[in-house]
Amino acid sequence: MSSVRHRVVSVLIAAACAACTKSPTAPAGSTSVAAPSLVSPANGAVIANVAQPVTLTINNGFVTNSSATVSYTFEVATDSAFTTAVLTKEVPQGTGQTSVKLDTLPAGRDYFWHARIKGDDTVGSFTGTIKFTVGPAITLGAPGPVSPISGTATDQRPTFTVTNSVKTGPFGAVSYRFDVATTNAFTTIVTSSTVKEGTTTTAFAPTGDLPADTPLFWRVQAIDSTNNITSPISATQNFATSLSIDLTKVNYQRFVNISSWPVTNKIIDVSQDGGDGHMCINHEKRGVWPVSFFEDNPLVPIEANQWYFAKINGQWYGGAGEWLRVNQICKEGQKSEDIGKDGSWGGPMDTWVPKRGELVGYVVSTPARAWPTWKTLDERSNVVVQPWKVNGISTP
């Protein structure tokens, strides 16, 4: 009899120990429960602000009554004593694990969380506390348009420039997406490109011509792809491309046809006056193109020719004009009444006398007027078309 009693006692002790391994936290009530274990975020985790909202996850606890209604209370606070609560939320038990998604938390600070189980009328104790940190906020300000600003006219390959976005937080590599469209709704994009950020400004130059003589709109947005952050879109700017010339349809006067020459240069500015005769074409390859020698004279190095294009009786004509020495911009003696005579062109450009306001085309090329005798490279600039200017008492 004593041996039977001994076995019964042993079974009861074993059962009790089995219950101990479940660590019941609230033996009072109709159901015994054991605390859940916290899974994520782990203790000490740092969560990027852009990765919010944070999700709290636990491994489910234990209840002795399988038919009990089980739920979990999650608490989040800004202090480990939970005196400054951020969130208290009770959710029903999930399968195996239970989670709750938080609202977006203020960035750049520490948070503490714990959880407890409830089975029917039995409420367990809170688990130990885990700390996590939400990283600082990353912000990108809207880029500031520099050029072309609204109301300006450009050639067909303007350089779009913005001041860089003002940034806060641990941002990654920033790039800028430039969009050019035919309407301010940007429903029809003419060209779009994403470029790396410059030092203080960022620029984009199209590799192909924009539509000529067309009103256009452009805008920019900064992008931090590492953190999936974008800036507000810049203020939209409007501009118009100037009239251009299809060089393949030009009647070339005496000299080489340059329509197929690669465009490797860009005209910065054209300043002329048919009254006093100055003609200045500044360009990016000034002092860069290789030199040839005027009449093979080593004392007279030349690097380029100015070109003029005139629309006469509905047809564009073109011819190489003055030679440009190394780094030279301006030539004199280009008065309205003299330019045709001095050009050594064929008709009708030989008698061409441009009038004030007449649209004239300009190009800069490598030596072409005595091509190929003094040729270097076969390269040219873009075409700029603008009204002929006459000041003073020369041709009206």
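Which residue in S20 is the bridge partner of Tyr176? Select Tyr176 and look across to S20: the partner is Ala222.

This is a predicted model, in which local features need pLDDT of at least 70, side-chain atom pairs count only at pLDDT 80 or more, and totals for chains, interfaces and linings use all residues. Residues are numbered from 1 along each chain as its sequence is written, and side-chain values use heavy atoms, with hydrogens and water left out.

Next, select strand S20, residues 215-224. Strands (E, at least two residues) are DSSP runs, numbered from the N terminus. Of the 10 residues in S20, 9 are buried, so the strand is largely enclosed by the rest of the structure. Buried means under 20% relative accessible area, exposed means over 50%, and partly exposed lies in between (1.4 Å probe, protein chains only).

Two strands pair if DSSP finds at least two bridges between them. Strand S22 (residues 237-241) also pairs with S20 in the antiparallel sense, over 4 bridges; here Trp218 has Gln237 as its bridge partner.

Now go to strand S21, residues 229-230, an antiparallel partner of S20 over 2 bridges. Ile223 is bridged to Thr230. The hairpin of S20 and S21 has 4 residues between the strands, and Asn228 takes a positive phi near 55 degrees.

Finally, select Cys280 and Cys330, which a disulfide joins, S to S 1.9 Å. A disulfide is a pair of cysteine sulfur atoms within 2.5 Å. Cys280 is in strand S26 and Cys330 in strand S30, 50 residues apart. Cys280 is buried at 12% relative accessibility, whereas Cys330 is partly exposed at 32%.
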